Amino acid sequence: MENYYIMMALKEAKKAYKKNDVPVGAIIVKNNKIIARAYNRKEKTKIATHHAEILAIEKACKKLNDWRLNDCEMYVSLEPCLMCKGAIMESRIKKAIYCVKCQKEACNSVKKEKTTEFIYKKINNDAEKLLKTFFENKR
């Protein structure tokens, strides 16, 4: 199932790419069911916190009518940034699985917390290629 959820996160990332935003997508799953999905909208909304992970967390909280996302997992196409890692931990998501490692130093500066496990799984190169193409076209 992990591969399927990663592919769904990548599908969201492609939506961001088409809208000229950094191609990152996120899916939140509870009991093997997708309860939220989102993609980066920072460029579109001009709001710094509109990362895919944050938007997915907001949708999941509304869906469950609770800020605690216990027993939920997040699948995201790029390793979450420091802000998003904090939000993932605060919302008590038990596991976040991503398929592209972030190259920014800030992504790696969070200590491992007992409440959230961050797992890198390179399932395919599509998410990495999408990010690379996006930034190559920007430069």
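**Figure 1. The lining of the largest cavity divides into 2 nonpolar, 1 polar and 4 charged residues.** Ala, Val, Leu, Ile, Met, Phe, Trp, Tyr, Cys and Pro count as nonpolar; Asp, Glu, Lys and Arg count as charged; the others, Gly among them, count as polar. The lining residues are Ala16, Lys19, Asp21, Tyr39, Asn40, Arg41 and Lys44. The volume of this largest cavity is about 30 Å³. A cavity is a set of points, on a 1 Å grid over the protein atoms alone, where a 1.4 Å probe fits but cannot get out; lining residues have an atom within 4 Å of a point. Grid points are joined across faces, edges and corners, and the volume is the space filled by probe spheres set on the points.

The model is predicted: local features need pLDDT of at least 70, side-chain atom pairs count only at pLDDT 80 or more, and totals for chains, interfaces and linings use all residues. Residues are numbered from 1 along each chain as its sequence is written, and side-chain values use heavy atoms, with hydrogens and water left out.

**Figure 2. The protein holds 5 helices and 5 strands.** Along the sequence the pattern reads α-β-β-α-α-β-α-β-β-α. Helices (H or I, at least four residues) and strands (E, at least two) are DSSP runs, numbered from the N terminus. Of the 139 residues, 46% count as buried. Buried means under 20% relative accessible area, exposed over 50%, and partly exposed in between (1.4 Å probe, protein chains only). The protein exposes about 8100 Å², and carbon and sulfur atoms supply 49% of that area. Accessible areas come from the Shrake-Rupley method with a 1.4 Å probe; for residues, only the protein chains shown count as cover. Take the contacts between residues at least 6 apart in sequence: 52% of them join residues at least 24 apart. Contact means heavy atoms within 4.5 Å.

**Figure 3. The largest nonpolar core has 44 residues.** Such a core is a set of buried Ala, Val, Leu, Ile, Met, Phe, Trp, Tyr and Cys residues joined through side-chain atoms within 4.5 Å. Ile28, Ile57, Leu69, Met74, Tyr75, Ile88 and Ile93 touch the most other members. Helix H3 (residues 52–64) gives the most to this core, with 7 residues. In soluble globular proteins, nonpolar side chains tend to be buried together. Beyond four places in sequence, Ile28 touches Lys33, Ile34, Ile35, Ala36, Ala56, Ile57, Ala60, Leu69, Cys72, Glu73, Met74 and Ile93.

**Figure 4. Tyr75 sits in strand S3.** Tyr75 counts as buried because its relative accessibility is 2%. Its C-alpha atom is 6.4 Å from that of Ile28, 47 residues away along the chain. Setting aside neighbours within four places in sequence, Tyr75 is in contact with Glu2, Tyr5, Ile6, Ala9, Gly25, Ala26, Ile27, Val29 and Ile97.

**Figure 5. Leu55 belongs to helix H3.** Leu55 has 12% relative accessibility, so Leu55 counts as buried. Not counting residues up to four places away in sequence, Leu55 touches Ala38, Tyr39, Arg41 and His50. Two of these partners, Tyr39 and Arg41, also line the largest cavity.

**Figure 6. Asn32 and Asn65 each have a positive phi.** Most residues other than glycine have a negative phi. Asn32 has a phi of about 60 degrees. Asn32 lies in the loop between strand S1 (25–30) and strand S2 (33–39). Asn32 counts as exposed because its relative accessibility is 61%. For Asn65, phi is near 55 degrees. The loop between H3 and strand S3 (72–76) holds Asn65. Asn65 has a relative accessible area of 71%, so Asn65 is exposed.

**Figure 7. Thr49 lies in the loop between helix H2 (42–45) and H3.** Thr49 counts as partly exposed because its relative accessibility is 36%. Beyond four places in sequence, Thr49 touches Ile54 and Met83. Thr49 and Met83 are 34 residues apart in sequence, and 8.3 Å apart C-alpha to C-alpha.

**Figure 8. Lys138 lies in helix H5 (residues 126–138).** Lys138 has a relative accessible area of 46%, so Lys138 is partly exposed. Lys138 and Asn20 are 118 residues apart along the chain, and their C-alpha atoms are separated by 9.5 Å.

Definitions and conventions. 1 Å grid on protein atoms, 1.4 Å probe; cavity = no way out; pocket = protein on both sides within 12 Å on 5 of 7 lines; lining within 4 Å.
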